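Hi everyone, thanks for coming. Let's look at today's structure together, and then I'll walk you through a few of its contacts.

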Amino acid sequence: MKLRLNLTLWYRTMYSRAWVRVRSTYGEPLWVAVNLAVPLLSSLAMALLYSSTGLSKFAGFAILGGVMLAFWGNVLWSMASQFNWDKEVGIFEIYLISPAPISAVLVGMSLGGILATVPSAALVTIIGWFFFPTPINPSWTVVLLTFVLTLASLYALGMLLSSLYLAYGREAESLNNAIGEAINLLSGLYFPAIGAGSPFPFAVQIVASLIPLTIGMDALRKAVFQTGNVSSVWFDLALLAVMAMVLLFLGDKALKALEERGRRQGTLVVRLK
Amino acid sequence: MRLLKSIVASAWMGWQREMEWTNPILSLFIKTVAPTAAVLSAAIVYWFGSSSAGLFTPERLAYIIVGASIYGQVAAYAYVPTSAIAEGKWSNLYPQVYITPTSSIPYLAGRCLASFADSAPVIVISLFVSYYVSSALFGAVPLIYFSFDSVVMLAGTLIVSLPAALALGYLLGSYSVFVSRFEWALPSYVSGLLMIFSEALFPANVLPYPFSLIPGVLPFTYLMRASRAALIYQSWSLYLTSMGYLALGGTLFLATGVIAFNLAEKLARKRGFIDKKVM
């Protein structure tokens, strides 16, 4: 009975948090235009750069990078720093004193964030492929599976970061700026960062492989542009699934540890440090 | 004198906001990471595409490294008015600046100068780091000359680009006084469009007609050309021509920006937007 009540509460919390995020985007279509700017213009610039080198067939890599940049941007700015902003405006303390499980709030934020980013990502795809039609060779089932697992591990990383950012104050914004572009580079958002074609030394490739976006981009490029069968990406998919589970576990542990520390030190709702 | 004091005070405020939130050395390091990573991303995209096509050249690599590094400065200016005005409305700072005897014009000028002061070293560091990392990654040294003359020429270019930077600040400031939501939208579009249309990564002829005409009317294009003339081509004639266009275009652009900002500020006062937080 108690377990059922807990599950119901968890589900309702998750649904409510996801609903707020979805409603805020779809109820205000301008949000789509706002979220579109960086991924669209960055991917078009990179696609033009590929075209200027004489190999426009690689422009598709840039467009795919733009699609994933929309989700990665959402993870950074609407997941990782969200609790920090919630703390600034006084919502976080309401989460804490309510019986709602924080893990459900995080999962709801993720699902809502994914649904809210879909229109921007779709527009990057449509506009990108309109200007740079690139030959593709996908198996859509494999693409979908790869995409879902990439998002699962990315948003699990977002949950871990959002827990860690609770320890920070206003510096979260600067850290986000630095982390965002560095991960774009290391994960090979617009070019292969691991394996054949990577410009990085082996040691850097190993470090880059610890980032879910690196594995996800590598698998998506294979699934969309190359052979398109599951045998070429099964290892990436297994790795993404493991990463998602490990990051979820670490996020939950980090959140509990930082919440406990914040309660003891009385810094959990301190707004400016 | 009072105008100068206002500009210096707001430049100091901008510096505090951008650099003093932590140890300034750490702050400078953190600020350098993103532009350097962005320059290296562009360099790798070029290397990956051109080496697959058998068209890789160190000259073109240098072209991209210099352009992408200087673009970091231009992009930094695009976000100044949002931070100074839109964010200032939330913190109640901007309405207080507005009611002071000097107008918001020197306030925005000071914030732009602060942005110049904190982004110039960032650009220089990212240029050096990208140069050495690219050399190591691609096994080809980008043809960039770091002689005394070329560094002085680059410094001159950055200084002459200030009117254009201020103009961008005032034009985007005209938007910022009216918004209380989506304040990052226009700066994001403007900085993204400048990446495409200011020859930051590729020459204008890569763009389809009539888009290829746009870079010719943007002062920031001449900032890129003058910087490349200083660091890559070592050509005084190209440098001076580009500097002339940059100074002329920047001045015209600045006059337009100041007029637009004055009009916007008056209209915003009449309609009560100066301290409006949510529309």
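This is a predicted model: local features need pLDDT of at least 70, side-chain atom pairs count only at pLDDT 80 or more; totals for chains, interfaces and linings use all residues.

Residues are numbered from 1 along each chain as its sequence is written, while chains are lettered from A and ligands numbered from 1 in the order in which they are written.

Let's start in chain A. Helix α7 (residues 140-165) packs on helix α11 (residues 234-265) at an angle of about 20°, and their axes are 8 Å apart. Helices here are DSSP runs of H or I with at least four residues, numbered from the N terminus. Axes are lines fitted to C-alpha atoms over the stretch in contact, and angles run from 0 to 180 degrees between N-to-C directions. So α7(A) and α11(A) are roughly parallel to each other, a label used for angles under 35 degrees.

Which residues meet? Among them are Leu145(A), Leu149(A) and Leu157(A) in α7(A), and Leu240(A), Leu247(A) and Gly251(A) in α11(A). Contact means that C-beta atoms, placed from the backbone, lie within 7 Å. The residues of this α7(A) and α11(A) contact divide into 19 nonpolar, five polar and no charged. Nonpolar covers Ala, Val, Leu, Ile, Met, Phe, Trp, Tyr, Cys and Pro; charged covers Asp, Glu, Lys and Arg; the others, Gly among them, are polar.

Next, the two chains. Their contact takes 33 residues from chain A and 33 residues from chain B. On the side of chain A that touches chain B, α2(A) gives the largest share, 15 residues. That side has 20 nonpolar, 10 polar and three charged residues.

Now the core. The largest nonpolar core has 168 residues, and Leu49(A), Ala42(B), Ala43(B), Val45(B) and Ile65(B) touch the most other members. Such a core is a set of buried Ala, Val, Leu, Ile, Met, Phe, Trp, Tyr and Cys residues joined through C-beta atoms within 7 Å. Buried means 20 or more other C-beta atoms within 10 Å of a residue's own, with C-beta atoms placed from the backbone. Leu49(A) touches residues including Tyr46(B), Leu201(B) and Phe202(B).

Finally, helix α4 (residues 80-90) of chain B: eight of its 11 residues are buried, including Lys89(B). Just after α4(B), Asn92(B) takes a positive phi of about 65°.

How values were computed. Helices (H or I, at least four residues) and strands (E, at least two) are DSSP runs, numbered from the N terminus. Angles under 35 degrees count as roughly parallel, over 145 as roughly antiparallel, 65 to 115 as roughly perpendicular and the rest as oblique. Two residues are in contact if their C-beta atoms, placed from the backbone, lie within 7 Å. A residue is buried if 20 or more other C-beta atoms lie within 10 Å of its own, exposed if 12 or fewer, and partly exposed in between; C-beta atoms are placed from the backbone. Lists of a residue's contacts leave out its neighbours within four places in sequence.
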